[in-house]
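Student: I've got this one open on my screen. Please walk me through it.

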Amino acid sequence: MEIDRTLREKTAYCFFYAGLIIEVLIVLVDKSAYTNPIEGQIFRLTFLLFFAKVCLTKYSPKEYGILAFFLVIGAVSYFITGRNEIVRVVMFIAACKDVDMRKCLRLVFWMTLTGCLVLILLSLFGILGTLSLTQDYGRGSIETRYVLGMGHPNALQCMVFVLTLLGLYLYHTKWKWYHYVLVLFTNGIFFLLTDSKTGFLVSACGILLFFVADRIKNKNLIRIFMAGNMGIFAGSIIISIMSAKDAMCLWHYYWEGVTNRKINFYLFLDTMLTGRLHSLIETDNHEGIMETWRLFSRPENNYYFDMGWVRLFYWYGIIPALLAIAVLTGFMIYFAKKGKLEEIVFFSMFTLYTVIEAHIISVYIARNYLLFIIGMYCFRRLEKPKE
């Protein structure tokens, strides 16, 4: 019996990591100049690998009930919208049980970092991808910004941001002050190449917050620190929802010349978000504004724009989006109760970044590191609520 149990665990382990490695490779291929013609079939393969891991894992009745609930939501979403991402995400999180997720995230970090460096080298040697992109980036002039094989300067800075945050999360407890300075300096170099302010500013904020989280000891200051991050988390989602609700006021300004205090506020916000609000009204049907949302989305809602939280509602629907936000909020509250400052910073910075970039709202599981943290803690919460 012991041999059978050991064999089952090793087999489950192999299924999980096979699926994970393939998912990371899919992300790297997506970031490159190569177009993957069989991406959908590969997603089906990774789903089956995670499903096999789930079949070899034991769950409690409560865990089965929760998984069944979210799988039903995912199935309804799939039949209505044609999108299978919710089912895939739920299966991945279920497969995370009994897996050392920090070890898993270290593998994701080093694979992604190595893959990005390979893409940069391939572009430098002219083998795959371009070094730079010259065009109008919506600033009223033609600019040349570096992409280093990743298609767009914002995509390059985005990868710098996510790897910075993941590296901080995994290794910051071993760092001295000069490690933080070095990482900030590296982000600054890439900012000079990409001129992508969003990724750099959020990275810099994340570096500062991790530095503070390592050194803060006073209980009152810790409470203030956690409250501030909770405010960033909540404010990021609220401002995204309000932007989708009121984006049409910009249409009235640009096409009808209407102006008032509300319009002036959203003009200012649009400037701060470098034209993201305007992108919601520039299509014929104003894709992404709240009027295009449904309880469950529809196949026609497939337009790409940068505002991540708005895309969550637009692509998947109000019910799945609210459930996702409720889950994230539940984990933020849990982390605050347990004093897990690094997780709070990690979630708040990804939430802030998702206001203006949709990196984690995509079909790619290995791009959304929040899923790994959820997979790390969700079964602990269910099994050991008094931990």
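Tutor: Contact here means heavy atoms within 4.5 Å, and helices are DSSP runs (H or I, at least four residues) numbered from the N terminus. It's a predicted model, where local features need pLDDT of at least 70 and side-chain atom pairs 80 or more, while totals for chains use all residues. Residues count from 1 along each chain, and side-chain values use heavy atoms, without hydrogens or water.

Student: Switching topic: where does serine 77 lie?

Tutor: Serine 77 sits in helix α3, which spans residues 61-81.

Student: Why does serine 77 count as buried?

Tutor: Because its relative accessibility is 0%. Beyond neighbours within four places in sequence, serine 77 contacts Gly82, Arg83, Ile86, Phe296 and Tyr316.

Student: Now the largest nonpolar core: which residues touch the most other members?

Tutor: Phe16, Phe346 and Phe347 do, out of 117 residues in that core. Its largest share, 13 residues, comes from helix α6 (residues 153-171). A core is a set of buried Ala, Val, Leu, Ile, Met, Phe, Trp, Tyr and Cys joined through side-chain atoms within 4.5 Å.

Student: What does phenylalanine 346 touch?

Tutor: Leaving out residues up to four places away in sequence, phenylalanine 346 touches Leu165, Leu166, Tyr169, Phe210, Tyr369, Leu370 and Ile373.

How values were computed. Helices (H or I, at least four residues) and strands (E, at least two) are DSSP runs, numbered from the N terminus. Buried means under 20% relative accessible area, exposed over 50%, partly exposed in between (1.4 Å probe, protein chains only).
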